[in-house]
Amino acid sequence: MLTTLHIKNYALIDELKVSFNNGLTIITGETGAGKSILLGGLSLVLGKRADLSQVKNAKEKCIIEAVFDISNYDLTALFKTLDLDYDVLTIIRREILPSGKSRAFINDTPVTLESLNTLSTHLIDIHSQHQTQQLTQDDYQFNVIDALAANKLNLAEFSKQLRVYKKLEKSLDELKLSKSELIKEYDYNLFLSKELNEINLEKINLKDLEAQFEELNNVEIIVEKLTSSKSILSAEDIGVTDQLSSVKQELAKIAAFGTSYENLKERIISIGIELDDILIEIDDLEEKLSSDPQELERINSKLQVINNLFQKHSVLDINELIEIRNELQLKINNTESLDQSIADKEQEILKANDKLNQIALKIHKNRKKVIPVFVSKLEAILSELGMPNAKFKVELEALDHFVKNGKDNLQFLFMANKGSSFNELKKSASGGELSRIMLAIKSILAEYIQLPSIMFDEIDTGVSGEISNKMGEIMKQMSCTMQVFSITHLPQIAAKGNSHFKVFKTDIDDITHTNLKKLTEDERVVEIAQMLGGLSITDSAMAHAKELLN
């Protein structure tokens, strides 16, 4: 509930601070006294866009602050969502700076207008004839029926499951798109993979293969050079080994003359041993070497295949080819497993669909069950509000597809007079009728859910005395469970209030100021008497005013 409203430097208001209680609060005042200014200031603090022209003194800051007791509104989760500090006494402040810049705060935390609007819808509902148009909107009509049907938890669960369902559908679409794209590449990937698998990449040592090729390709030259080397080493008398043997004999003769000579002799002996080993190895190599054109061709072909693969895949070594082959195999596997993935996802969607259908059916049954009760109550209240022939019909049609709040189409149909036909509410009800319908619906809703504070702004315009008396009774009844404000010109309604405020203007130094004052009991009698008979108050008007108040 709204407990305090503080307005400073706004329109015709210098500074105004007023406290409100629960129950029914009446606000009256002559036409042009500034009731719209009061509403404008309240609208600003609830998230309406600011306008520098609304500031009384453009050189000073405009401040509008409202304090709400939200202890009964169950808004802890909303505050968490908006990343705000929760306090049962929540303070909302709007500031319009001389520069024209506007700022908003909730519990001293700067917020955007979007956050402010999100919260304010849970705090107070300013209701005028203009705003009765929301009654013709689908969302509002669903909200009314679902409130009576106690569908809050069902709708929350449906919304949660619908998100899951849509996510699964999106995932399935992506899988099908992936399959479509991968199938186009599948045959080519399969060909490339087969090509890479055929040469058994893990068993290829490119350096060894190239060495084998060089040996086989040059076998005649190698044999020739080995033979020549062996001849140089082992030719009789002039061969290196014989010459080395002679050197060894000569050094042996002087080895006893010193360590240096002994070392030279040993080194020559070592060289001889090494040369003998070299000769043996040359013999072995020469014996093993043979011309093998077929093997040469095989190795050459293999090297050509590898080099071609290097060029095709723009790589430089075998390991990179192995990586490419593995990636290709993964793509092939993914393509081949997509059908199963799609089938699995379709099963998930079927299960989610069944779950959604179960919740939607429960929501539908709850709506269907409560509609006759709603229509009966609504028509009874409208009859008391001077619309005895008004008839209401709520059509609930089951759909074959999901919508955001179930699987239904809902429509409010209205017939104002006998002999006419049912039509859409927005086409068949006048502004005054919509106001009374809205009041009736709000009073019904107040029996089922905790509504935010509501301010009725002259919705009694054009209403007769007896009907206005019934309107006042309805507002009074609503105020038993919620805070209700009524801006009215009708004494019958004004007399129903628990508290009564008057908006009035004063002229000081040729400047007009708007003020708001809470009336005492005696002042209230005078105000209602003036509403009955004008500024010239008669004894009968005073008596009538007291009678209304009693």
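Reader: How many helices and strands does the chain have?
Author: This is a predicted model, and its chain has 17 helices and 15 strands.

Reader: And how spread out is the chain against a compact globule?
Author: The radius of gyration is 49 Å, whereas the globule rule gives 24 Å for 550 residues; the former is well over the latter, so the chain is more spread out than a compact globule. The C-alpha trace spans about 160 × 65 × 35 Å along the principal axes of the chain.

Reader: Turning to the sheets, in what order do the strands of the 6-strand sheet come?
Author: The order is β8-β12-β13-β3-β14-β15, in an open sheet with mixed pairing. β8 and β15, the latter covering 511-518, are the edge strands, and each of them pairs on one side only. From one strand to the next, the twist averages 20°.

Reader: In which sense do β8 and β12 pair?
Author: They pair in the parallel sense, over 5 bridges, with β12 made up of residues 453-457. As one example, Ile-126 has Met-455 in β12 as its bridge partner.

Reader: Which strands does α1 touch on that sheet?
Author: Helix α1, residues 35-45, packs on the sheet and touches β3 (24-28), β8, β12, β13 (484-487), β14 (499-508) and β15. The direction of α1 makes about 145° with that of β8.

Reader: What about α16, which strands does that helix touch?
Author: Helix α16, residues 521-533, also packs on the sheet, where it is in contact with β3, β14 and β15. Its direction makes about 75° with that of β14.

Reader: Next, the 3-strand sheet. What is its pairing?
Author: The pairing is antiparallel, in an open sheet with the order β9-β10-β11. β9 and β11 (423-424) stand at the edges with a single partner strand each, so one side of each has no neighbour in the sheet.

Reader: Which helix packs on this sheet?
Author: α4 packs on it, touching β9 and β10, and the direction of α4 makes about 100° with that of β10.

Reader: How many bridges join β9 to β10?
Author: There are 9 bridges between strand β9 (residues 391-403) and strand β10 (residues 406-415), and the two run antiparallel.

Reader: Changing topic, what volume does the largest pocket have?
Author: Its volume is about 1,800 Å³. The lining holds 38 residues, of which Thr-121, His-122, Asn-143, Ile-449 and Pro-452 are the closest to the centre of the pocket.

Reader: Which element gives the most to that lining?
Author: α4 gives the most, with 7 residues. At least two lining residues come from each of α3 (113-120), β8 (124-128), α4 (138-148), α5 (152-197) and α13 (431-445).

Reader: How many nonpolar, polar and charged residues does the lining have?
Author: The lining of the largest pocket has 18 nonpolar, 12 polar and 8 charged residues.

Conventions. Residues are numbered from 1 along each chain as its sequence is written. This is a predicted model: local features need pLDDT of at least 70, side-chain atom pairs count only at pLDDT 80 or more; totals for chains, interfaces and linings use all residues. Side-chain values use heavy atoms; hydrogens and water are left out. On a 1 Å grid over the protein atoms alone, a cavity is a set of points where a 1.4 Å probe fits but cannot get out, and a pocket is an open set with protein on both sides within 12 Å along at least five of seven lines; lining residues have an atom within 4 Å of a point. Grid points are joined across faces, edges and corners, and a volume is the space filled by probe spheres set on the points. Helices (H or I, at least four residues) and strands (E, at least two) are DSSP runs, numbered from the N terminus. Ala, Val, Leu, Ile, Met, Phe, Trp, Tyr, Cys and Pro count as nonpolar, Asp, Glu, Lys and Arg as charged, and the others, Gly among them, as polar. Two strands pair if DSSP finds at least two bridges between them. Axes are lines fitted to C-alpha atoms, for helices over the stretch in contact, and angles run from 0 to 180 degrees between N-to-C directions. Contact means heavy atoms within 4.5 Å. The radius of gyration is taken over C-alpha atoms; the globule rule is 2.2 Å times the number of residues to the power 0.38.
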